[in-house]
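Hi everyone, thanks for making time.

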Amino acid sequence: MTVFIIRRLFQLIPVLIGVTILVFLMMHATPGNPAQLMAGENAPPETVELIEERLGLNDPLPVQYFDYVTGVIQGDLGTSMRYNTPVIDEVAPRFLVTIELAVYATILSIFLGLIAGIISAVRQYSVADVSIMIIALFGLSMPNFWLGLMLMQYFAVNLGWFPPTGWGSPGQVILPVITLGTAGAAIIARMTRSSMLEVISQDYIRTARAKGVKERIIVYKHALKNALIPVVTVIGLQFGALLAGAVLTEEVFAINGLGRLLVDSINNRDFPVVQACILIISVVFVVVNLLVDISYKFLNKRIDLND
Amino acid sequence: MTNNQVESNQTEEKVENPKVKSIKDFYRRLKKNKAALIGFYTIILMIVVSIIGPYFTPYDPTSTNLPDRFQGPSAEYWFGTDHMGRDIFSRIIHGMSMTLFVGFASVILGALVGIPIGIVSGYYGGRVDSIIMRFIDILLAFPGILLALAIVSILGGSLINVTIAVAIYAVPGFARIIRGSTLAAKKLEYVDAIRALGAGDRRIIFKHIMPNVLSPVIVNATLYIATAILTAAGLSFLGMGVQPPDPEWGAMLNDGRGYMNDAVHITFFPGLFIVIVVLAFNIFGDGLRDALDPKMKK
């Protein structure tokens, strides 16, 4: 087990290096000279040159990349061009908000998705199953920003049940979490259903039935445990999708999270902040997927960890 | 109860030949799935509307008419008017071609790049495969809309740039799926037999591997179109995709956001149409999967 975890951690390194290279190059591919942007349009050339020198923009690309990565490892994500503050100070508080939003939405989607998926599978082709699958299809097909706007208009503005915007109080949390979690719940419900159906049709379940094991025990003890394995992968991928989807949800509900910061920074061409936001979201995503991989071990002893 | 149905499904699967012989055969399988058929016809209808619809809309999609702004839905303005007095129904019909264009073009582009990568990776294996797959892993490390957002922030917002961004986002998915199918197809006995007969790599790839990986390509392409449309609409909603006054649905939603209290219909209808289009592709894709790949049928 420890060997497996260490090996997976090592496999993470090339991916992380690749991600930092891509994010680093993205910054360089953007049109315009960052030094000029920082100095302002009418700045004298000497000032621009000075900033270029200070930012190390005249160094060869590999040197710049090395400096960048060394900085990132030490927690230095650069300086915001807009606020002239360390990027880490801008990013850190907002990162916590986005993680909170994504975690709540993940919990909601797992909860709803598993229950709906199990009901659907156990009562295949019943009214409940068909309704759940139709609702799931809609959940999957709805742009979450539109769902958010509609929920906000109806429940927050018309009915006045919740504050329409912001983040922090329990009332402010509910609508954004539903908005962000719906698509995930739909995907998890569909996955759970098909996975459960596959497991239920297997021989060992038939044997359990023939032995006279109670249906409830068959479903929850025998079937669900094995059916959960593919569902866990989907949950891992969903968490990443939710982190990215938070960009839109935060925009709708005016939540000051990482996503909103990302969009604002793109609009203001504050590239160090853009770079940091993209880097953080993808690193979190990669790490979460690693954790998902490891959790397989606990769910299914049959998985060959040397593979 | 349910067990019998599950079992009968399985026997059916065993009888059904997974390889589709002809378009007619494919249609026969599709017809069994009512929902998929509805999705298919909805897509056809939307394509027709996007082509001929703009000639029949009651109003010009971009001409403003300030005295009539914020009108609710009526016989005159079916879906009402927006903050500039533009007819929302006409704008939605004109915007349909943009939505479908992004969906189809980005997925075709993504498939054209992703399929060869996947086939080369799966067929040749070894070092080529590990290098390609590490690179794909890196691209997959940017979840959801994030990669597209990063690309559009570099390229700038326009219909073509959004299409390119969404296409790049689709490439790793295609490459992975095709690699998997190629690996499976490569191991088929008849491929060995053909190689023993002296067939070259190119012949094996084009004549024998390609037809085998086509089914997953078509199924995933259809489902990707749904995702692509949602992603593109999201980019426009953030103001980074198609720019106003073009009647792109995501951009229309963004336009209407500021006026939700007075005129919810400005945001309601474009969103509703995004749901309909995406739903059609999702239902059709689900049905295709059942029809083309009986093994996946659950």
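Let's begin where the two chains meet: 42 residues of chain A are in contact with 38 residues of chain B. Which parts of chain A supply that side? Helices α1 (2–29), α6 (127–141), α7 (144–158), α8 (170–200), α10 (215–252), α11 (258–267) and α12 (271–299) of chain A each give at least two residues to it. The largest share, eight residues, is from α10(A). Sorted by class, this side of chain A holds 30 nonpolar residues, ten polar ones and two charged ones.

Please keep in mind that this is a predicted model. For the complex, the predictor reports an ipTM of 0.86 and a pTM of 0.87. Chain B has a mean pLDDT of 82, with 91% of its residues at 70 or more. Where in chain B is the mean pLDDT of an element lowest, and where is it highest? The lowest value, 38, belongs to helix α1 (residues 2–15) of chain B, and the highest, 90, to helix α4 (residues 88–124) of chain B. Over residues 1–18 of chain B, pLDDT stays under 50, and the model has 14 contacts beyond four places in sequence for that stretch.

Now to the inside. The largest nonpolar core has 160 residues, and the members that touch the most others are A:I188, A:C277, B:A148, B:V166 and B:I229. Helix α9 (residues 201–237) of chain B brings the largest share of this core, 17 residues. Let's zoom in on B:A148: leaving aside residues up to four places away in sequence, B:A148 touches B:A165, B:V166, B:Y169, B:T231 and B:L235.

In the model, residues 35–56 of chain B are 82% helix and 0% strand, with end C-alpha atoms 29 Å apart. Residues 263–288 of chain B are 92% helix and 0% strand, and there the end C-alpha atoms lie 39 Å apart.

One last stop is B:F26, which sits in helix α2 (residues 23–31) of chain B. Is B:F26 buried or partly exposed? B:F26 has 16 other C-beta atoms within 10 Å, so B:F26 counts as partly exposed. From B:F26 to B:A184 is 158 residues in sequence and 22 Å in space, C-alpha to C-alpha.

That's my tour, and I'm happy to take questions.

Notes:
Residues numbered from 1 in each chain as written. Chains lettered and ligands numbered in written order. Predicted model: local features only at pLDDT ≥ 70, side-chain atom pairs only at ≥ 80, totals over all residues. Core = buried A, V, L, I, M, F, W, Y, C linked by C-beta atoms within 7 Å. Buried ≥ 20, exposed ≤ 12 C-beta atoms within 10 Å, placed from the backbone. Helix = DSSP H or I, 4+ residues; strand = E, 2+ residues; numbered from the N terminus. Contact = placed C-beta atoms within 7 Å. pLDDT = per-residue confidence, 0-100. Nonpolar A, V, L, I, M, F, W, Y, C, P; charged D, E, K, R; others polar.
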